[in-house]
Amino acid sequence: MKAINKNDFSEFVDDLIENDDREVVGVQTKSNEFAFDPLKSAEDLRLDYDVTILPPKKYFMPQRETLVEYNLNEGETTPVNQVVPRIIMGIHPYDLVAIEQMDKVFEDTHEDPYYLEKRRQSVLVGVNMANVSDRSFAHTMGTATTDTGYDIMLTDIGDRYAIEVGSSKGSNLLEKAGQAVDDITTDEIRKVKQFKEELPKKFKKDTKFDPFELPSLLKNYYENDEFWEENAEDCLSCGTCNLVCPTCYCFDVQDVNDISLSEGERLRTWDGCMLEAFAEVAGDENFREEKAARYRHRYMRKGRYMYNRFGDIACVGCGRCSEQCLPDIADPVEVFNQMKEGTS
Amino acid sequence: MSKPKVAFFDFAGCEGDQLQVANLEEKILDLLELVEVVNFREVISQKSDDYDIAFIEGSIASDHDAERLREIRTNAGIVVALGSCAAIGGINSIRNSQNPELVEERVYGDDADKVEAWDKAKPVDAVVEVDHYIYGCPIDQDEFVHVVESLVQGKEPNIPTYPVCVECKMNENVCVFARNGGSTQISSSEREVQTPGAAQAEQGPFCLGPVTRAGCDSKCVNEGTTCWGCRGLVDSPNENAHKKVLDKYGLTVEEVLNKFNLYFGWQQEERNNE
């Protein structure tokens, strides 16, 4: 482990903003919330945030991106990959875990060069959670801390940040900070350890389940229509829970012609299984027409389907879906607790 | 292939949607490569009854309107409702829930008895079949171009069926309900504490985004205001859930109904009759 004075770290960030070819983005305030955005100054970086509106997945899988440009007259197609190399500052452990899960998804079976190239050209600077949002339950999901997924990881230990290096990308980045990066003291190592040990106490959600029970709990509840209908009754089908989720990756693809009708682009945009038309297919058939069916699908996906395929519980406990659902029906803790209580 | 002939017609409305088309500026020249405009009162003086695509702006509000509209429907292969008034009844249908005599008197004074308007302003599809809808008050210029392009190519235009929240989230806006130190998760007692006296002084935050059809790129919320619902309700709005949300944020039933009536008047009435 290494350490750096907070002032030196700010100078380091300012130096990167000014001199590094890559775009430096980090967590900043957005009105009274937080968001990852391009940094203009280290002053704006808020490493004490609780949670951002959107997860950093937007940097690897943008909300809208062009995949191919085409010319119909010439019969030409040109693949486009709009990669912006980035240094991303201030990623919480649960989001790092989510990114590792997404790496698997986009590497599996059919490699997705759009996602993967953006990932390769990004440096992930993690930070341990100084503050915890009311709805987060990362402590239960085992994602409040992580030993992997970051290039470097910071922990606030008072006047200095402790730094853990996770990759050569991380050590290369640190080299740019030069002499400012110091060896960590024994006392500081103890502080990092203590920080991580005390973190679970900061979480407010009362969880009654173990994440590894979720696949079987969900299986038992699959056919309990009443359970899903009751829980989904107030669903607005607005897709918020999908869009803000760090492990939701579904997308839609459309060909958009420009006004000449001879040129155009193939566009990929975020989609979500809670939206009414998500499962609509040719002939106007919709195999998840009812909101309860869509609601159930989201939970199955997070707690069972992804586990069956990749071995991951695809809920990292960030609490974004729960925090941002207006009718307040998207809190996984409430649903999983109900299942657990109904089973035992 | 000859260019499809296009005609614009206005009924009860402000003609703001046609103005959006007239204001396409350089794009209008590109558009004229695709279609031939034969009727467009705001832009050209000639008229013709020979057209393939008719864009109808405004609500239908009298027998005379209906007769004229039916004639257009007979002439046109494709009828497109242009803008909120034509597509969903829009602002004109605010009056549908009011006493028609009072409305006429308020607007026309002593001449009120000369007015031969229906008690209700109706969207185009209440009178004739509509093939396509371009929503918005006013319409979005890019969406208009997209619809024209699609029709010229014989493709189904891609109009979102999901609510504005989707675009708002993609734009990473702070939710209207979470502005000013608020939270998306709040009890009404907590809100009073956060904004003392807010309940008396002004109503709580409202946003019709959760039940309004997207396609506007959430532009009003992006600019710091709120969604007024100008694109109409989504196909399957969960109004009950949305009303509970508004209630949680301190809007009275009457205030909620007022907000819903601005653009949703006709759609709400239709849904209640179902």
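Q: How many residues of chain B are in contact with chain A?
A: In this predicted model, 32 residues of chain B are in contact with 31 residues of chain A, where two residues are in contact if their C-beta atoms, placed from the backbone, lie within 7 Å. Residues are numbered from 1 along each chain as its sequence is written, and chains are lettered from A and ligands numbered from 1 in the order in which they are written. Because the model is predicted, local features need pLDDT of at least 70 and side-chain atom pairs count only at pLDDT 80 or more, while totals for chains, interfaces and linings use all residues.

Q: How do α2 and α6 of chain B cross?
A: The axes of α2 (residues 26-34) and α6 (residues 141-153) of chain B come within 11 Å and cross at roughly 15 degrees; axes are lines fitted to C-alpha atoms, for helices over the stretch in contact, and angles run from 0 to 180 degrees between N-to-C directions. The two helices, α2(B) and α6(B), are therefore roughly parallel to each other, since angles under 35 degrees count as roughly parallel, over 145 as roughly antiparallel, 65 to 115 as roughly perpendicular and the rest as oblique.

Q: Which residues make that contact?
A: From α2(B) they are B:K27, B:L31 and B:L34, and from α6(B) they are B:V145, B:V148, B:E149 and B:V152. By class, this contact of α2(B) with α6(B) has five nonpolar, no polar and two charged residues.

Q: Switching to domains, how is chain B divided?
A: Chain B has domain 1 (5-153) and domain 2 (165-273), with bounds that come from an automatic or database domain assignment. Taken over C-alpha atoms, the centres of these two domains of chain B are separated by 28 Å, and 17 residues of domain 1 are in contact with 13 residues of domain 2.

Q: And how is chain A divided?
A: Chain A is divided into domain 1 (2-202) and domain 2 (211-343), and their C-alpha centres lie 25 Å apart. The contact between these domains of chain A takes 34 residues from domain 1 and 28 residues from domain 2.

Q: Which peptide bond is cis in chain B?
A: The bond from B:C137 to B:P138 is cis, with omega near 0 degrees, and B:P138 is found in the loop between β7 (132-134) and α6 of chain B. Most residues other than glycine have a negative phi, and most peptide bonds are trans.

Q: Where is A:S31, and what is its phi?
A: A:S31 is in the loop between β2 (23-30) and β3 (33-38) of chain A, and it has a positive phi of about 50 degrees although it is not a glycine.

Q: Is A:S31 buried, exposed or partly exposed?
A: A:S31 is partly exposed, with 15 other C-beta atoms within 10 Å; a residue is buried if 20 or more other C-beta atoms lie within 10 Å of its own, exposed if 12 or fewer, and partly exposed in between, with C-beta atoms placed from the backbone.

Terms used
Helices (H or I, at least four residues) and strands (E, at least two) are DSSP runs, numbered from the N terminus. Ala, Val, Leu, Ile, Met, Phe, Trp, Tyr, Cys and Pro count as nonpolar, Asp, Glu, Lys and Arg as charged, and the others, Gly among them, as polar.
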